[in-house]
Every structure is written in C-alpha cells, then in structure tokens.
Amino acid sequence: MFQAEAFPVESQTSLESRAEMRDPAQFQFPELDQNQTEIDQSANFTHHGDLQAPVEANRAAQLATPANVVELHPIQTVEAPQPEPEQLYYADEAQMKAEVVHAGGAVMANRNFVLAA
Amino acid sequence: MQLTDTHCHIQDINEPMWASAGELSAEILVTRASAASVTRLVCVGTTVSDSAKAIEFVRGRDNIWASIGVHPHDAKGGKQTLHALAELVTDPVAQKIVAVGECGLDYHYNLSPKTDQIAALRFQIELALQYDLPLIFHVRDALDDFWPIFDSYKNLRGVMHSFTDTPTNLHKALERGLYIGVNGITTFKNNHAQQAMVQHIPLQKLLLETDAPFLTPVPLRGKVNEPANVMLVAKFLANLRDESVAEIAKHTTYNAQTLFNL
C-alpha cells in the first residue's frame, strides 16, 4: 500500500530558498573581460627567471656536497608475526596419513598434527 | 532445509581409513546424514576398483549417486587403467553415474609422474564429453598446467573440488563457469587466506562437500568425517559470509541439482 507519510514534505520556506539558489539572477557573474582572459604574449615574465635562480643554486649545492655526508640507512623489513601453529587432531596415524595424502598438502600449512588420545 | 554432500567416499566404508570410526555402516551414515538435513550424496571414485564400488554402492539407494574417476595420485596405471575406467560405463543414467572424477593434477607429492597425470586428466575429460557428464577436478599446486589443458576443450562443466587456492585462481575458475567445492578445510582455525577467499565465491557457484572420511571440520577434528557434517560447513560459511544457513542450503542444493542433474 502506498504510504504518503514515507515521503517527507518539504516546507514552503525551504522550497523557496532552494528556488532562489537555482535562480541565475541571484548570482553575480562578473563580466568577462575578453582582453583579460587572453594571454598577453607581450608581457615580460621577469619573475620566471627569479624563481629559476635559487633552484639552480640548490642543485649546484647538492652536487657540491660530498657523498660521504649522506648516511643511507638500510631498509628495515619487519616480518609479520607468524600465528601459532594450529593443532590438527586425528583419530590415529592411519587417518592422519590418509588425509594428508588424499588432500594433497592442503592441510599442511602451519599446523601440528596431533593424535587424539 | 536440504543439503547435498557433493563429494564423499562412503562407498569405502569397509576400508582401513574408516577403521577408527568403530562400528559404522553405510546405513548409519546415510541415516545420520538425513537427520542433519543432508538428503543427497555423491559418492566419488578415486580408482577403477573404487569407482566400480561406488556404482555398486549407489545401486538401489535413493538420493545417492556415483562419480567414476582416477585420482591423479593413481594416474600411473596408464592406458590400461583408463580403458578399464571407461568400460565401467554402460548406461550412465541407469547406473546413476552423474560425473567423471575425481580427476586432475596433484604436483604436491607427484605420486604419479606428471606425464601420466596429464594423460589421465585428458582421457577423463574426453570420457566426460562423450557422455555429456560434468567433471570433478582435484588440482593441487598445478593450476598453471591445468588451465591450458582445460582451455583446450569446449563445453566442459564441473567443479573445483576442495578448492583452496588464491582469489586469482578462483576468478579463473569462475570465468570458466566452474563451480567451487568447499569443505571442512575452510573451518580450520588458522586458515585465514582460505576464509577470505571463500567469501568471494558467488552463491550461484558454491557447492558443499565433506570429502568424508577425510577433512573433518572443526570442532570434530579427531573423528572420522561423514556426510552429516556438511551441516557444520554450511553453518560455518553462513557465519563467515553473513548469510543464513537456509539461504546457503537453498543455493548449494540447487547448484548440485543443476550440475549433476540430481
């Protein structure tokens, strides 16, 4: 059965405020100045040269640094902790051997084979 | 609720591997399975003689079917063995033979030479195609060799029995339309990779199995596995995958009926 209550009704106020948000007239779009959007090829970007200078100086400083100043640390690898082996119980040795052979090693990983008392 | 054990070896009930189960008969196993809502069983052969035993075992028993095959461990018998396997089939429907397998490749122990394993796999694939039967695949540490062989045939149907491989190989199996057999291995406590992998198996491709008498699920380790324990696998998966047991039972039973025409 259709239940109108399942769909919340928006208040008139919220609908009006949303309409305002969607009304392009409410937004002030700055007038595009065609002349400003085009790249002025005649401009002289002198600051480009200013930025490049310290980069080059830094590179030169790096090259001048003696290699033995930099101490490289060997990468330390940390092995994930190995979980405790699982105790895999068997009724007897015959059952253990039969299962291990039949399953083709699928039961072998990280397990201790234990004969049930 | 109904469950299906798509992979068990209860036709071997008189063999030494069942000895630790004490006084146990096939009737007791079937009754206990039924009491645990496991109402359909597929008995899987691993050698020619074992397959013959499976055919004999299912005769006259309701809701139990046979699969015939040569396990990769026993593939060293060569052509003579494989032809003997083929000769077991006279009328698959009347004999209640619903699949070929378990067959495949097992390089973990290499109890048979690789060349013999590959020859036996190809022979059994062609046998399945001849009778339009699905295949039950056992593949361990050998999927790089297995996929090209599989891909050299068309219209193969089957299940990756006791699948314990990576999500990448799971994806490859699913791409090929294969079903994925899940058993008690998944319940082993430190089997985190397996438990992560089985969560990616779509319900539409999931099959349950016990592999009884092997691979008893937790918490029954130390006892001999039996078909009734499919319920434990179903419950474990339901908890792991945040699905209901009923949902898993419904889908896996439908999948088993579809693949094996039960």
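Let's start in strand 4 of chain B, where B:Ile97 is the bridge partner of B:Ala66. This is a predicted model, so local features need pLDDT of at least 70 and side-chain atom pairs count only at pLDDT 80 or more, while totals for chains, interfaces and linings use all residues. Residues are numbered from 1 along each chain as its sequence is written, with chains lettered from A in the order in which they are written.

Strands here are DSSP runs of E, at least two residues, numbered from the N terminus. Strand 3 (residues 64-68) of chain B runs parallel to strand 4 (residues 97-106), joined by three bridges; strands pair if DSSP finds at least two bridges between them. Strand 2 (residues 38-44) of chain B also pairs with strand 3 in the parallel sense, over four bridges, and there B:Cys43 stands opposite B:Ala66.

Five of the five residues in strand 3 are buried, meaning 20 or more other C-beta atoms, placed from the backbone, lie within 10 Å of a residue's own. B:Ile64, B:Ala66 and B:Ile68 point one way, B:Trp65 and B:Ser67 the other.

B:Cys43 and B:Ala66 are also among the residues with the most contacts inside the largest nonpolar core, which has 84 residues. Such a core is a set of buried Ala, Val, Leu, Ile, Met, Phe, Trp, Tyr and Cys residues joined through C-beta atoms within 7 Å.

Now for chain A: its pLDDT (the predictor's confidence in each residue, from 0 to 100) averages 61, and 29% of the residues score at least 70. Over residues 1-25 of chain A the pLDDT is below 50.

Conventions. Buried ≥ 20, exposed ≤ 12 C-beta atoms within 10 Å, placed from the backbone. Contact = placed C-beta atoms within 7 Å.
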